[in-house]
Amino acid sequence: MTTIHPTAIVDKNAELDSGVVVGPYSIIGPNVKIGKNTNVLSHVVIDGHVTLGAENEIFPFASVGGKPQDLKYKGEPTTLVIGARNSIRQSVVLHPGTVTGTSTTTIGDDNLFMVGAHVAHDCRVGNGNVFANQATLAGHVTIGNRVILGGLVAIHQFARIGDFALLGGGAMAAQDIPPYCIAQGDRAKLRGVNVIGLRRSGQSDDAIKAMRRAYHAIVLGTGPIKERIASVLQADTEHAIVKHFIEFYQTSTRGVARGGLSDDSAD
């Protein structure tokens, strides 16, 4: 059963699945689809071509799917697609894509968007990420899985943030941040390996040690980057996280952030 508060405005063409709750003074536009058991609290606006999966929770004053902040946008029917079980807290803003980009912004499952977080047009956000208060993505940003963005973090347009990366509060990332790394500062520099995150994900001690060795060789090593990568590939043919780390470097078009303070605990 769908429950709509008497003060809410839900367009007759909106599609609400069973168990959806729409709270007081919320507004749902005509091209919105909301999945099962999603809870839209009070004073939420969901408009534009938006698809929400099941069991999302959207808190007051969030704006989901409104006109992107791009001067080239002329009202085209671009989309915002959101997965399941996301927590979208107060004053979060999520925008659709643009025709000069991919025409779609996509957000996966089980993400937490804390107060004031912002996802701009044409972004791709994976699963299980945490956006702390006021964390902000410019357009065309790619966020992997299980990433943590600290408070007031900002990511430059077209930058990529790899799986299990952790950006400290206030970090300004102008270049790609590789998977499994910690970054901090303005402009953000790599500070070490996210060992706690890797342990929580079930990685073995041997895999974590291998990742630390790869980090030291590639991020803190000397000589041409291609030679550093080749040496790691030759020395380690076993660990998937090391291969993923290297592939991220090999596919970067924006450039990867440089290393700052070293992780002296590598084996």
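This is a conversation about how the words used for a predicted model follow from its computed values.

Mentor: Because the model is predicted, local features need pLDDT of at least 70 and side-chain atom pairs count only at pLDDT 80 or more, while totals for chains, interfaces and linings use all residues. Residues are numbered from 1 along each chain as its sequence is written, and side-chain values use heavy atoms, with hydrogens and water left out.

Trainee: What makes Leu-152 and Asn-37 fall into their classes?

Mentor: Leu-152 has a relative accessibility of 56%, so it counts as exposed, whereas Asn-37, with 45%, is partly exposed. Asn-37 lies in the loop between β6 (32-34) and β7 (39-40), and Leu-152 in the loop between β22 (148-149) and β23 (154-155), where strands (E, at least two residues) and helices (H or I, at least four) are DSSP runs numbered from the N terminus. Asn-37 has a phi near 60°, a positive value in a residue other than glycine, and Leu-152, also not a glycine, has a positive phi of about 65°.

Trainee: Which backbone atoms does the side chain of Asn-86 reach, and how do you know that these are polar contacts?

Mentor: The side chain of Asn-86 reaches the backbone oxygen of Gly-108 at 2.9 Å and the backbone nitrogen of Asn-111 at 2.9 Å. A polar contact is a pair of N or O atoms within 3.5 Å; within protein, one must be able to donate a hydrogen and the other to accept it, and residues adjacent in sequence count only if both atoms are side-chain atoms.

Trainee: What makes β8 and β11 a pair?

Mentor: Two strands pair if DSSP finds at least two bridges between them, and two bridges join β8 (residues 45-46) to β11 (residues 63-64), so these strands, which run parallel, count as a pair. In β11, Val-64 is the bridge partner of Ile-46.

Trainee: Why are β2 and β26 said to stand at the edges of the sheet?

Mentor: The open sheet has nine strands in the order β2-β5-β8-β11-β14-β17-β20-β23-β26, with parallel pairing. β2 (9-10) and β26 (172-173) each have a single partner strand, so one side of each is left without a neighbour in the sheet.

Trainee: How is the lining of the second largest pocket divided by class?

Mentor: A pocket, on a 1 Å grid over the protein atoms alone, is an open set of points where a 1.4 Å probe fits, with protein on both sides within 12 Å along at least five of seven lines, and lining residues have an atom within 4 Å of a point. The lining of the second largest pocket has six nonpolar, three polar and two charged residues, where Ala, Val, Leu, Ile, Met, Phe, Trp, Tyr, Cys and Pro count as nonpolar, Asp, Glu, Lys and Arg as charged, and the others, Gly among them, as polar. Gly-128, Phe-164 and Arg-200 are among the lining residues, and helix α1 (residues 195-200) gives the most to this lining, with three residues.

Methods:
Buried < 20%, exposed > 50% of the residue type's maximum accessible area, 1.4 Å probe, protein only.
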